[in-house]
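Here is a quick tour of one protein model, going from a helix to the strands and then to the rings. Keep the viewer open and follow along.

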Amino acid sequence: MTSDTNDITLLQQWTGKTETLHDVVRPEAVAALAATLDYPSAPPHGAPLPPLWHWINFWTTAPQSGLGPDGHARRGGFLPPVPQPRRMWAGGRLTFPGSVPVGAAISRTSTILDIAQKSGAGGQLTFVTVRHDIRHDGQLAITEEHDIVYRDLPAPGSAGPAPKMPPGEAQWTRKISPDPVLLFRYSALTFNGHRIHYDRSYVTEVEGYPGLIVHGPLIATLLMELLRDRLPQARVAAFSFRAVSPLFDTAPFSVNGRHNADGTVTLWAANSRGELAMQAEATLD
């Protein structure tokens, strides 16, 4: 099946499909993520896992022979066989009704909620929304709705979407230099074989991007870490984020935020030209 015969009726047969995975929040992996984020120490055994750090768990362990040309597992297993070659983490919505201790056994039940197609400036887009329920000791600790977007490769010479500007003035800001080592370490921690994050010839010559792409969940995590650094006593009850445009290892970017009068926190990432790359909102207890 090609993108010209992208049969939405076929794809929607995956709606409602579920899978459950089991894992352990390994202290060694938590320490490795802390080092990758440049912290001098990691949360100790038994301490609550910081928000969004659960993304280093529940690896997709497809065999090498089961990988597609982009480094992801071939489509048609849990996720539907969307034929469009570009796959990106478009955003998500999370709540944190409980906590996950470092060292704990956890489970994740995933359900495909929706599969839809839309037309954008760059052609047809296919969106897949997956809900994840993460439990510890049988209690719900994290709920997550994960949005994945698939799209065709751009036509030669086609213009990208018009840039968007950030949502106002920042109260906090931090500069990030996304070198290839940072991207490799995060890929390794999440067992993410997607070649756009480490294979420069693939990402530039096949997918047509100007450089290695910074992981969407890494950007979201850096936004969350900015919040935790500036409001260390706050407890995040809910977090949502939306990717607007990709960031590359060819230039630094910034993570920014402000604490609003209503108690919420607005966060965003901007590229070196000051254009919006990701926007997020956090609700605090």
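Arg93 counts as partly exposed, at 33% relative accessibility (buried means under 20% relative accessible area, exposed over 50%, partly exposed in between, using a 1.4 Å probe and protein chains only). Before going further: this is a predicted model, where local features need pLDDT of at least 70 and side-chain atom pairs count only at pLDDT 80 or more, while totals for chains, interfaces and linings use all residues. Residues are numbered from 1 along each chain as its sequence is written, and side-chain values use heavy atoms, with hydrogens and water left out.

So what does Arg93 pair with? Its side chain meets that of Glu145 in a salt bridge, at 3.2 Å from N to O (the rule asks for a side-chain nitrogen of Lys or Arg within 4 Å of a carboxyl oxygen of Asp or Glu). This pair links distant parts of the chain, with Arg93 in strand β2 (residues 86–95) and Glu145 in strand β5 (residues 139–151), 52 residues apart. Helices (H or I, at least four residues) and strands (E, at least two) are DSSP runs, numbered from the N terminus. Glu145 is partly exposed too, with a relative accessible area of 24%.

## The strands around β5

β5 pairs with β2 in the antiparallel sense, over nine bridges (two strands pair if DSSP finds at least two bridges between them). Within that pairing, Gly92 stands opposite His146 in β5.

Strand β4 (residues 123–136) also runs antiparallel to β5, and 12 bridges join the two. His132 has Glu144 of β5 as its bridge partner. β4 and β5 make a hairpin with two residues between them, and Asp137 in the turn has a positive phi of about 55°. There is another salt bridge to look at here: the side chains of Asp133 and Arg131 meet at 2.9 Å, N to O. Asp133 counts as buried at 14% relative accessibility, whereas Arg131 is partly exposed at 29%.

## Helix α5

Of the 15 residues, 12 are buried, so α5 is largely enclosed by the rest of the structure. Among them are Gly216, Pro217, Leu222 and Leu227.

Leu223 sits in this helix and counts as buried, at 0% relative accessibility. Which residues does Leu223 touch? Leaving out residues up to four places away in sequence, its contacts are Val255, Asn256, Leu267, Trp268, Ala269, Met278 and Ala280 (contact means heavy atoms within 4.5 Å). Leu223 and Arg174 are 49 residues apart in sequence and 9.4 Å apart in space, C-alpha to C-alpha.

Glu225 is buried, with a relative accessible area of 2%, while Arg228 is partly exposed at 30%. Elsewhere, salt bridges that share partners join Arg93, Glu145 and Asp147 into one network. A search of the whole structure finds 11 salt bridges.

## Rings and charges

The count of aromatic pairs comes to six (rings of Phe, Tyr and Trp, the last by its six-membered ring, pair if their centres lie within 6.5 Å; planes under 30 degrees apart count as stacked, over 60 as edge-to-face and the rest as tilted). Trp59 and Phe191 are a stacked pair, because their ring centres are 4.9 Å apart and their planes lie at 15°. They are 132 residues apart, with Trp59 in the loop between α2 (27–36) and β2, and Phe191 in the loop between α3 (180–189) and α4 (200–205). Trp59 is partly exposed at 34%, and so is Phe191 at 43%.

Tyr209 and Phe248 form a tilted pair, 5.9 Å centre to centre with 45° between the planes. Both residues are buried. The charged end of Arg86 sits over the ring of Tyr209, 3.8 Å from its centre (the rule wants NZ of Lys or CZ of Arg within 6 Å of the ring centre and within 35 degrees of the ring normal). Lys118 has its charged end over the ring of Phe127, 5.0 Å from the centre.
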